[in-house]
Structure formats: C-alpha cells, structure tokens
Amino acid sequence: MATTYATRTFGTPTNAYKFTISFWSKRCALGGGGFSPITAGTYQSTNMGQILFAGDDTLLCQTYNAGGSITMAQDTNMKFRDVNGWYHIVLGVDGTLGTAGDRQKLYVNGELITSLATDTNASQNSDLGFNQNGIQCMLGNRQSANYYYDGYLSHVHFIDGTQYAASDFGSTDSTTGEWKINTSPSVTYGNNGFFVLKDGNSLTDQSGEGNDFTLGGGTLTKTEDCP
C-alpha cells in the first residue's frame with residue numbers, strides 16, 4: 001500500500017467525544033520515518049488524530065490540538081515487528097467518562113494494552129481530533145507528511161458516538177486460542193461511521209451510512225492474504 005491512500009471528509013459527528021477505530025493490519029516494512037494506517041485532520045492546522053507505526057516499530061495512537069500539542073496518547077512499549085501475521089488494533093475513546101484512565105483504551109489482538117511508553121488521558125468532554133466536521137480522514141497516509149502505510153489493511157471500522165471494546169470485533173478461538181475476526185460485528189456506526197475494505201479492495205462503505213472513500217493516490221490492490 002506504499003504511496004497508496006484513500007480519503008473522505010467528515011460531516012457533523014454524532015458525538016465528537018466518543019469514537020472507536022478497529023482495523024486489521026499486516027506490515028510489509030519495518031522502521032523508517034513512520035507509517036500511518038489511519039489519520040484525521042492536519043497537523044498544526046486543525047485538531048488531528050493519528051494511528052502511526054513509528055520508526056522504532058512501536059504504535060502511536062494520538063490526538064493533537066491545532067497548535068500541535070498532544071491531547072490524548074496511547075503509545076506502546078510493544079514492538080510490531082511481525083511481517084508475516086496480522087494485527088488487530090482497536091482504539092476506543094469516550095471523553096465523557098469521569099475516570100480519566102477509562103476515556104481511552106487500546107487493544108491489540110484482543111488484549112487491553114496497559115504497558116505504555118506514553119499514557120496521556122483525554123480531558124473530560126474535550127473535542128478530540130478524530131471526529132470533527134470538515135476534517136479529512138485518510139487511510140494509508142498522513143496529511144502534511146508522506147507517511148504512507150506500507151502494508152495491508154482489512155475490515156476498517158470507524159464508529160462515531162460509541163466506545164467499543166475489541167470483543168465487539170473479534171473473539172478467541174476455543175480450539176486454537178488465537179484471536180479471530182468477527183466479519184459482521186453488531187455495532188452502531190453513527191453519522192461519520194464507516195466500514196471499508198471488508199472483502200477485497202472496495203472503498204464502498206459497508207456500514208449502511210453511505211460514507212464511501214475515494215482513492216487519493218496510488219493503486220489499491222486486492223490480495224487473498226487476509227485476516
């Protein structure tokens with residue numbers, strides 16, 4: 001997916017304080033200057049959110065204000081260096097909650113990540129960068145930087161208005177003990193919600209909300225390698 005990305009512009013959100021991102025990712029390259037599976041907004045121009053594989057192969061889940069200051073962060077100590085298997089990543093945010101540590105939760109392959117290099121709690125009822133009217137959401141790149149994602153993406157969900165857990169999108173196989181995909185989760189997507197790259201390389205929204213993406217650059221290639 002290097003130099004390939006997709007894009008759409010968000011409308012009025014159902015709830016700007018609450019969202020969930022769920023996607024399956026298989027990396028094809030490690031290190032480098034950063035690879036962005038999903039971002040929204042423009043750094044130091046609007047509020048912004050990003051999920052980014054850093055140069056040391058950790059995962060950065062962050063939101064910024066328009067001045068570039070971090071307003072929420074779940075940055076892992078865990079290294080993502082498997083280029084043969086798929087990772088399931090879920091970030092659920094509810095900025096309305098009274099307990100600060102519950103406002104953002106990061107899961108990898110069904111496990112809640114508690115070992116974090118940076119753990120910055122969102123301020124209560126703060127309007128975070130991922131879900132705002134008029135900002136651009138991108139799959140496979142970050143605005144204002146060529147942080148193209150070099151890898152595969154599948155079953156990309158964005159939920160506007162609800163904080164979900166990993167268990168809403170997957171489950172543990174009772175025989176193998178491996179984390180497996182739920183191909184049709186029972187979730188409410190909200191105004192800006194979407195479900196793309198479900199069965200192949202289609203950017204047509206499968207959520208029922210009609211929030212289709214368009215190809216911004218490169219060539220989106222279908223592969224039989226899937227989660």
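Colleague: Which residues do ring pairs link into a cluster?

Modeller: In this predicted model, the structure holds 11 aromatic pairs. Two of these pairs share phenylalanine 158, with phenylalanine 19 as one partner and phenylalanine 194 as another. Ring pairs join these residues and others into a cluster, whose members are Phe10, Phe19, Phe130, Phe158, Phe194 and Phe213.

Colleague: How are the rings of phenylalanine 19 and phenylalanine 158 arranged?

Modeller: The ring centres of phenylalanine 19 and phenylalanine 158 lie 6.1 Å apart, and a pair needs centres within 6.5 Å. Planes under 30 degrees apart count as stacked. The planes of phenylalanine 19 and phenylalanine 158 stand at 25 degrees, so the pair is stacked.

Colleague: How many residues apart in sequence are the parts that phenylalanine 19 and phenylalanine 158 tie together?

Modeller: Phenylalanine 19 is buried, as is phenylalanine 158. Phenylalanine 19 belongs to strand β2 (residues 18-27) and phenylalanine 158 to strand β12, so their pair ties together parts separated in sequence by 139 residues.

Colleague: In which strand does phenylalanine 194, the partner of phenylalanine 158, lie?

Modeller: The rings of phenylalanine 158 and phenylalanine 194 have centres 5.7 Å apart and planes at 20 degrees, so this pair is stacked. Both phenylalanine 158 and phenylalanine 194 are buried. The pair ties together parts 36 residues apart in sequence, because phenylalanine 158 lies in strand β12 and phenylalanine 194 in strand β15.

Colleague: Which are the edge strands of the six-stranded open sheet?

Modeller: The order of this antiparallel sheet is β9-β8-β7-β2-β12-β15. An edge strand pairs on one side only, and this applies to β9 (111-112) and β15 (194-196).

Colleague: Which residue in β8 is the bridge partner of valine 90?

Modeller: Strand β7 (residues 87-94) and strand β8 (residues 104-108) run antiparallel and are joined by five bridges. For valine 90, the bridge partner in β8 is tyrosine 107.

Colleague: By how many degrees are neighbouring strands of the eight-stranded sheet turned against each other on average?

Modeller: The eight strands form an open antiparallel sheet in the order β10-β6-β5-β4-β3-β11-β1-β16. Its edge strands, β10 (116-120) and β16 (214-217), each pair on one side only.

Colleague: What is the bridge partner of alanine 40 in β11?

Modeller: Strand β3 (residues 35-40) pairs with strand β11 (residues 136-139) in the antiparallel sense, over three bridges. Within β11, alanine 40 has as its bridge partner cysteine 137.

Colleague: Which strand gives the largest share of the lining of the largest pocket?

Modeller: The largest pocket has a volume of about 380 Å³. Its lining has 24 residues, and the closest to the pocket centre are Leu153, Gly200, Thr221, Thr223 and Asp225. The lining divides into nine nonpolar, 10 polar and five charged residues. The largest share, five residues, comes from strand β12 (residues 151-160).

Colleague: What is the relative accessible area of asparagine 109?

Modeller: Most residues other than glycine have a negative phi. Asparagine 109, in the loop between β8 and β9, has a positive phi near 50 degrees. Asparagine 109 is partly exposed, and its relative accessible area is 27%.

Colleague: Where is asparagine 125 found?

Modeller: Asparagine 125 is not a glycine, yet its phi is positive, at about 60 degrees. Its relative accessible area is 41%, so asparagine 125 is partly exposed. Asparagine 125 is placed in the loop between β10 and β11.

How values were computed: Residues are numbered from 1 along each chain as its sequence is written. This is a predicted model: local features need pLDDT of at least 70, side-chain atom pairs count only at pLDDT 80 or more; totals for chains, interfaces and linings use all residues. Side-chain values use heavy atoms; hydrogens and water are left out. Two strands pair if DSSP finds at least two bridges between them. Helices (H or I, at least four residues) and strands (E, at least two) are DSSP runs, numbered from the N terminus. On a 1 Å grid over the protein atoms alone, a cavity is a set of points where a 1.4 Å probe fits but cannot get out, and a pocket is an open set with protein on both sides within 12 Å along at least five of seven lines; lining residues have an atom within 4 Å of a point. Grid points are joined across faces, edges and corners, and a volume is the space filled by probe spheres set on the points. Ala, Val, Leu, Ile, Met, Phe, Trp, Tyr, Cys and Pro count as nonpolar, Asp, Glu, Lys and Arg as charged, and the others, Gly among them, as polar. Rings of Phe, Tyr and Trp (its six-membered ring) pair if their centres lie within 6.5 Å; planes under 30 degrees apart count as stacked, over 60 as edge-to-face and the rest as tilted. Buried means under 20% relative accessible area, exposed over 50%, partly exposed in between (1.4 Å probe, protein chains only).
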